[in-house]
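Let's take a friendly walk through the pockets of this model and one of its strands. Have the viewer ready.

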Amino acid sequence: MHVESLIEHGSGVMNEDVLVMENNLFGVFDGATSLTSETYEHGLTGGFLASHRVAEEFRKNDGTLVELAERANQALRQDMLDRQVALNDKGNLWSTSAAVVRVQGDSLEWAQIGDCRIFCIHDTGKSELLCEPIDQDAETLRLWRDVCHETDAPIRVAIHQQILKVRSRMNVDYGVFNGEPEAMRFLRSGKHDLNGIKHILLFTDGLLLPDATPWLRRDFCEHIDLFRKAGLKGVHNHIRSVEATDIGCRIYPRFKTHDDIAAIAIHM
C-alpha cells in the first residue's frame with residue numbers, strides 16, 4: 001500500500017482543512033468558515049478549531065469510525081462550551097465536514113459527513129462514490145450566478161442572507177460535525193470489499209474541478225481520469241490553473257478564488 005497526500009492553504013485567512021494519516025486510518029476534514037468575526041486563542045477561527053478537534057479524536061484510532069465520530073462531535077461541543085460560544089445560534093457554531101477510512105485487510109471501513117468525498121477506483125477503471133453528499137450550496141451558487149455580474153462585492157457580502165439561511169439548516173437539511181447531537185443522523189458509514197480496488201481517494205471540496213454550473217449533479221469522469229493520469233498533484237495543478245482565470249469567482253461560481261485542499265490517495 002502506497003499513500004499520496006496533499007494539503008494546501010487556499011485564499012482564506014488560514015487553512016481550515018486537516019489531514020489525518022494514523023497507521024491504517026486516513027481522513028480529511030474541512031472546517032467551515034465562520035459566519036461571525038469571532039476568533040479564539042492565537043486568532044484561530046471556529047472552522048479551524050472544529051476541523052482540528054474532530055481530526056484529533058479520529059487520530060486516536062481506538063474505536064469504530066461511528067464511535068470516533070460520536071466522540072469527536074461531543075468533544076467539539078465541549079470545546080465550544082469551554083469558550084462560552086452561544087450554542088443556541090447555529091451561526092455561532094464551529095463546524096466541519098469529514099471523510100475517513102480505515103483499511104483492514106481486504107475490507108474498507110468508511111464514514112462521511114458533509115461535502116467531503118470518498119471514491120473507490122477499480123482496477124478496471126470504474127470509479128465508485130461511496131456516499132453522495134447533500135449539496136447544500138447549490139441554491140446559493142445558482143443565486144450568485146444570477147447576481148455576480150451586477151455587483152463588485154464578493155459572494156459572502158452580496159448574498160449574505162442566503163448564506164445565513166443555509167447555515168441555519170445545519171443538521172436539519174444536511175449534516176456536519178458542529179456539536180449538535182442531530183449531526184449523527186447525517187453520518188454515513190459502512191464497509192466495502194477491497195478486492196479489485198486499485199485506488200481509494202478522499203478529498204475536501206477544494207479538490208473539486210471548477211464548474212460553471214455547480215448546482216447540477218457533478219460528473220466525476222474528468223476528475224477521475226485526470227487523477228489516474230497525473231495523480232493528486234496533477235488534479236491540483238489543473239484546478240489552480242483554471243481558478244486563476246476567474247479570480248472573481250464569476251465564471252465558475254464558488255465561495256473563494258482558491259479553497260483549502262486536503263486529499264489522500266491510497267494506492268493498493
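How do the residues of the lining of the second largest pocket divide into nonpolar, polar and charged? They comprise five nonpolar, eight polar and four charged residues, where Ala, Val, Leu, Ile, Met, Phe, Trp, Tyr, Cys and Pro count as nonpolar, Asp, Glu, Lys and Arg as charged, and the others, Gly among them, as polar.

## Ground rules

This is a predicted model, in which local features need pLDDT of at least 70, side-chain atom pairs count only at pLDDT 80 or more, and totals for chains, interfaces and linings use all residues. Residues are numbered from 1 along each chain as its sequence is written, and side-chain values use heavy atoms, leaving out hydrogens and water.

## The two pockets

A pocket here is an open set of points on a 1 Å grid over the protein atoms alone, where a 1.4 Å probe fits, with protein on both sides within 12 Å along at least five of seven lines; lining residues have an atom within 4 Å of a point. The second largest pocket holds about 310 Å³, a volume being the space filled by probe spheres set on points joined across faces, edges and corners. Gly12, Val13, Thr33, Arg156 and Lys256 lie nearest its centre.

For the largest pocket, the volume is about 950 Å³. Among its 47 lining residues, Asp115, Asp137, Asp205, Phe255 and Asp259 are the closest to the centre. Its lining has 20 nonpolar, eight polar and 19 charged residues.

## Strand β10

Strands are DSSP runs of E with at least two residues, numbered from the N terminus. In β10 (residues 261–267), seven of seven residues are buried, meaning under 20% relative accessible area with a 1.4 Å probe, protein chains only.

Strands pair if DSSP finds at least two bridges between them. β10 runs antiparallel to β1, with seven bridges, and antiparallel to β9, with five. His267 stands opposite His2 and also opposite His199.

Key: Buried < 20%, exposed > 50% of the residue type's maximum accessible area, 1.4 Å probe, protein only. Helix = DSSP H or I, 4+ residues; strand = E, 2+ residues; numbered from the N terminus.
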